[in-house]
Amino acid sequence: MNRRLLYIILLSLAFVAMVIGVHRSIVEDDIAGNYWIFMIGFVFYIVYSYAKKKDRA
């Protein structure tokens, strides 16, 4: 798989998870109930950052 495509997919998944988390938090008026969605987005961003940093070295 192309490295650049992998980076785009990981960053896109992180962004989408954050947008979904914000939307559900506004609609349901419950940030704590949607915490897990934010954490999934954060994990995707951490994996993206790790892969990008590993590729540079």
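Q: Where is Asp 29 found?
A: Asp 29 sits in the loop between H1 and H2. Helices here are DSSP runs of H or I with at least four residues, strands are E runs of at least two, and both are numbered from the N terminus.

Q: Before we go on, what kind of model is this?
A: It's a predicted model: local features need pLDDT of at least 70, side-chain atom pairs count only at pLDDT 80 or more, and totals for chains, interfaces and linings use all residues. Residues are numbered from 1 along each chain as its sequence is written, and side-chain values use heavy atoms, with hydrogens and water left out.

Q: OK, back to Asp 29. Buried or exposed?
A: Asp 29 is exposed, because its relative accessible area is 70%. The cut-offs are under 20% for buried and over 50% for exposed, with partly exposed in between (1.4 Å probe, protein chains only).

Q: And what is phi of Asp 29 near?
A: Phi of Asp 29 is near 55°, which is a positive value in a residue other than glycine.

Q: What about Asp 30, where does that one lie?
A: Asp 30 also lies in the loop between H1 and H2. With a relative accessible area of 33%, Asp 30 counts as partly exposed.

Q: Which backbone nitrogen lies 3.3 Å from a polar atom of the Asp 30 side chain?
A: That's the backbone nitrogen of Gly 33. A polar contact means a pair of N or O atoms within 3.5 Å; within protein, one must be able to donate a hydrogen and the other to accept it, and residues adjacent in sequence count only if both atoms are side-chain atoms.

Q: Now Asn 34. Where's its place?
A: Asn 34 is in the loop between helix H1 (3-28) and helix H2 (35-56).

Q: Why is Asn 34 called buried?
A: Because its relative accessible area is 1%.

Q: Which side chains make polar contacts with the Asn 34 side chain?
A: The side chain of Arg 24 does, at 3.3 Å, and so does the side chain of Glu 28, at 3.5 Å.

Q: What does Asn 34 touch, leaving out residues up to four places away in sequence?
A: Asn 34 touches Gly 21, Arg 24, Ser 25 and Glu 28. Contact means heavy atoms within 4.5 Å.

Q: Ser 25 is on that list. Where is Ser 25 found?
A: Ser 25 is found in helix H1. Ser 25 is buried, with a relative accessible area of 9%.

Q: Which backbone oxygen lies 2.8 Å from a polar atom of the Ser 25 side chain?
A: The backbone oxygen of Gly 21.

Q: And which residues is Ser 25 in contact with, apart from neighbours within four places?
A: Ser 25 is in contact with Asp 30, Ile 31, Asn 34 and Phe 38.

Q: Switching to Leu 10. Buried or exposed?
A: Leu 10 is buried, with a relative accessible area of 11%. Leu 10 lies in helix H1.

Q: What does Leu 10 touch, not counting residues up to four places away?
A: Leu 10 touches Phe 44, Val 47 and Tyr 48. The C-alpha atoms of Leu 10 and Val 47 are separated by 7.5 Å, although these residues are 37 apart along the chain.

Q: What radius of gyration does the chain have?
A: The chain has 13 Å, whereas a compact globule of 57 residues would be near 10 Å. That radius is taken over C-alpha atoms, and the globule rule is 2.2 Å times the number of residues to the power 0.38.

Q: And the box the C-alpha atoms fill? What's its extent?
A: Roughly 40 × 15 × 10 Å, taken along the principal axes.

Q: How much of the chain is buried?
A: Buried residues make up 21% of the 57 residues.
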